[in-house]
2 protein chains.
Amino acid sequence: MKKSPMDAAIQEAEYGMENGHGGPFGAVVVRDGKIIGRGHNRVLLYRDPTCHGEIEAIRDACRKTGTHSLEGTDIYTTSEPCPMCLGAILWAGIRNIYIGCNREDAEDIGFRDRVFYDTMNQMAYRLIPLQREDCLALFARYKALPGRETY
Amino acid sequence: MKKSPMDAAIQEAEYGMENGHGGPFGAVVVRDGKIIGRGHNRVLLYRDPTCHGEIEAIRDACRKTGTHSLEGTDIYTTSEPCPMCLGAILWAGIRNIYIGCNREDAEDIGFRDRVFYDTMNQMAYRLIPLQREDCLALFARYKALPGRETY
C-alpha cells in the first residue's frame, strides 16, 4: 500500500523521537502529490526553540526549491501547529493544513500548549513601546528605497 | 552616549535593509544588560520565510549560550512581532518584549500584516483532521518512553 503524506510525517516524528531530537512531532510539505520538504522536532538536537516539525519541514522545502514562497503546497503535520508554526505556514503561503492529533491530544502526553495559547493572548498586551520615533525613521528610510519588497 | 539595546536593534535592521537581506526589521536579546543575540530580517538572503528579525536574534542567542531556553532575557525589536515571532519568543521563555513600531506603522510602509492577523484567525479554523488514530498511536509510544521531556 502506498504511504500517505501523513505516514511520512509520522515516520519523521518517530525518527526524531527515537533519536532524542525532541518531541513526537513531524511534518511534510507536499506539492502536486510529491513530498518536497520533511521535518521533525529538533529543539533538543539543535538547542533551538524554533525547530518545531513544521518549521523544519518548511525550511527544508525552501532550501530544496530555492525560494521563500511555498504557494500551491500543502502541509501534513502529526499534531495541530502552535501559533509560531501556524504563522510560519502562513508566511510561506502554504494552502491546506492537514493535522493528525489536536492540541488536547498533545496535552495528554505532557505538552501543555494550553498555557502557551493563553500566554500568547496575554503577551500581545504585554508589548512595551520604546523609541518608536527612532524606529519610524528607520521605516521612512526603507519606504524611500528603490525596488523595495514587502513580504 | 551609550547606545540602548533598541539602537542596536535599529542598527541590525539598517544593515539588513542596506544589504538587501529583507525588510527593515531588527532585534536583540538581552540578559543582565548585555546583548547575547542579534538578528535582522534575512527572508530574501536565505530564501527562508521564517528568518524574521526576532527569530534570527533568538537563534543567535541560543547558538551562543548553547541552550534552547532564554529564560531571564528580554527582547528589543524594531517592530511589533508577528504571531510566528511572538510564538518563538514565548517558546524561548523570554520575559519582556520591547517594541519600536507597531503593526499599523509597518502597514504604512507596505507590510500588510493586517491580512496576516486576519488570516491567522481564519486558518485556525481551516485545519483538516487526518489519520488522528495513527498520530495518537505515535503519542502513546512517546508517552511510554523513559526520561521523555516536554517543551
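**Ground rules.** I number residues from 1 along each chain as its sequence is written, and I letter chains from A and number ligands from 1 in the order in which they are written. Since I am reading a prediction, local features need pLDDT of at least 70 and side-chain atom pairs count only at pLDDT 80 or more, while totals for chains, interfaces and linings use all residues; side-chain values use heavy atoms, with hydrogens and water left out.

**Chain A, overall.** I looked up the secondary structure and found 7 helices and 5 strands. Helices here are DSSP runs of H or I with at least four residues, strands are runs of E with at least two, and both are numbered from the N terminus. Along the sequence I read α-β-β-α-α-β-α-β-α-α-β-α. The C-alpha trace spans about 60 × 35 × 25 Å along its principal axes. Of the 151 residues in chain A, 56% are buried (under 20% relative accessible area with a 1.4 Å probe, protein chains only; exposed is over 50%, and partly exposed lies in between).

**Where α4 meets α4.** How do the two α4 helices cross? I found that the axes of α4(A) and α4(B), residues 83–92 in each chain, come within 7 Å and cross at roughly 150 degrees. Axes are lines fitted to C-alpha atoms, for helices over the stretch in contact, and angles run from 0 to 180 degrees between N-to-C directions. The two helices are therefore roughly antiparallel (angles over 145 degrees). I then listed the contacts (heavy atoms within 4.5 Å): A:P83, A:M84, A:G87, A:A88 and A:W91 meet B:P83, B:M84, B:G87, B:A88 and B:W91.

I stopped at A:Q131, which has a positive phi of about 50 degrees although it is not a glycine. Most residues other than glycine have a negative phi. A:Q131 sits in the loop between β5 (128–129) and α7 (132–143) of chain A, and is partly exposed, at 24% relative accessible area. In chain B, B:Q131 also has a positive phi, near 50 degrees.

Technical notes:
Parallel < 35°, antiparallel > 145°, perpendicular 65-115°, else oblique.
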